[in-house]
Amino acid sequence: MRPLYHYAPAANWLSDPNGLVWQDGEWHLFYQYNPFGEDWGHMSWGHAVSRDLVTWQELPVALAEEDGTMIFSGSAVIDHQGSAGFGKGAMVAVYTGARTDRAHQFQSIAASTDRGRTFTKFTGNPVLDLQMADFRDPNVFWHGPSGRWIMSVVLSEENRAQLYASVDLRHWDLLSDIGRDGAPGHLWECPWMVELPVEGTDETRWLFKVDVLSGAAGQASPWRVGHFDGRRFVPETGWAVGDHGPDFYAAIGWNAAPDAEGRPVWIGWAGNHAYQKYLEPQGWRGAMTLPRRVSLRRDESGYALVQEVEPACRALFGKAEATSLCDGCIPLPSAALLSFPAGKDWSFRIEDDHGRSIECALSGGRLTVRRHDPVTPQLEHRAAMEAGKGPVELWLDAGSLEVFANRGGAVLTLQHRLAGEAWALRGEGACSVAYPAAMA
Ligand code: FRU
């Protein structure tokens, strides 16, 4: 079943978002893509564009595997000054070239002068090569105060990141390291370093986030907050968890102007390398999460990473209707936005005709989610998080559930394979339900 309001390709494997950049009214979503099938392999950059971050149009593959080199994850920038020599306003993709024999990974660039429709790989590639087997996922942004491009990139097996600077995207100078320093899990991937507003203040702080392929609950997206002086990231906090579910991975943000509150927007792959390959084939495999605005909230205990679904996505839904779950079984279409008011415990279970189910409950401020799947037992999962006192919102779609609590400070993402056009919902508690306007 295709998601109604999440991006999924028409066919084939999708994973990490790549090259997120805004240009001339278009949000570009490139992503890890296998043009030849539903399994991971032949990694290339798929491509979709949107004018509102809500509806997406899929375009042809932007960067394809070639001569035994796959196109692994990376980022894209708009080179307004033409610093890289591809012309003013060129879109420059900075990606990892990964040899198919797994022996060598290096950073390369490619440029587009037609709004991302076609790219030419730079003949001087690679632009950064340490002769390593696991050196990947360059994330580049323009740093105004130092007038340079900054790249964060990971030495995956060593669980550390490096920061580099460049004036032309072709030559990169090492600035500093970001070490593991007690971070959970192993095998660093997909770093993102970004300046975020601190809610209710005129201050900002820098966020550094990575993903870990194994050994951390739900892979966790460990992040910490600190300062960045153009050379060094100096942490101010320890590590925290970005998403409490098992299916939020490889998230990065768009290189774009922030919104009126200074917030950038990021998106993740709603998937998990540990079991993605076991999911039943259905013509395509993999979808993105919703795009989320990100900021920081500070209280006595430190910082919370606050995520709010891109406000434009709300417009997809019709008017919310109050519902009491105690009235027995409610048929629920495959897409809905459920909201539970603050102050009361609740629980519900959604199930399909194959015995698959999702159980969610809030009890004493703790939110638990259980995914049960007798068809694909590898999906069996329990997740939990402290939900705070506020309302809880659950964005349900075919393929995924995203839970937002504690005013965006506690988030949990989970993919699921519930099938059919409508599911049964049973539970205890009062909530409101809204359906996508197209379905109401
Ligand atoms: C994360 C990741 C990246 C890599 C890409 C390859 O999901 O493993 O580190 O660049 O996927 O598809």
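**Aromatic pairs and charges over rings**

Ring pairs join Y7, W27, Y31, Y33, W56 and W254 into a cluster; rings of Phe, Tyr and Trp (its six-membered ring) pair if their centres lie within 6.5 Å, with planes under 30 degrees apart counted as stacked, over 60 as edge-to-face and the rest as tilted. The model is predicted, with local features requiring pLDDT of at least 70 and side-chain atom pairs counting only at pLDDT 80 or more, while totals for chains, interfaces and linings use all residues. Residues are numbered from 1 along each chain as its sequence is written, and side-chain values use heavy atoms, with hydrogens and water left out.

The chain has an average pLDDT (the predictor's confidence in each residue, from 0 to 100) of 96, and 99% of the residues score at least 70.

The structure contains 27 aromatic pairs. One of them, W13 with W269, is tilted, at 5.9 Å centre to centre and 55° between the planes. W13 belongs to strand β1 (residues 12–23) and W269 to strand β20 (residues 265–269), so the pair ties together parts 256 residues apart in sequence; strands are DSSP runs (E, at least two residues), numbered from the N terminus. Both W13 and W269 are buried, that is, under 20% relative accessible area (1.4 Å probe, protein chains only). The ring centres of F30 and F119 are 5.7 Å apart with planes at 75°, so this pair is edge-to-face.

R2 lies over the face of W284, 4.6 Å from the ring centre; the criterion is NZ of Lys or CZ of Arg within 6 Å of the ring centre and within 35 degrees of the ring normal. The charged end of R170 sits over the ring of F86, at 5.1 Å from its centre.

Note on methods:
Helices (H or I, at least four residues) and strands (E, at least two) are DSSP runs, numbered from the N terminus. Buried means under 20% relative accessible area, exposed over 50%, partly exposed in between (1.4 Å probe, protein chains only).
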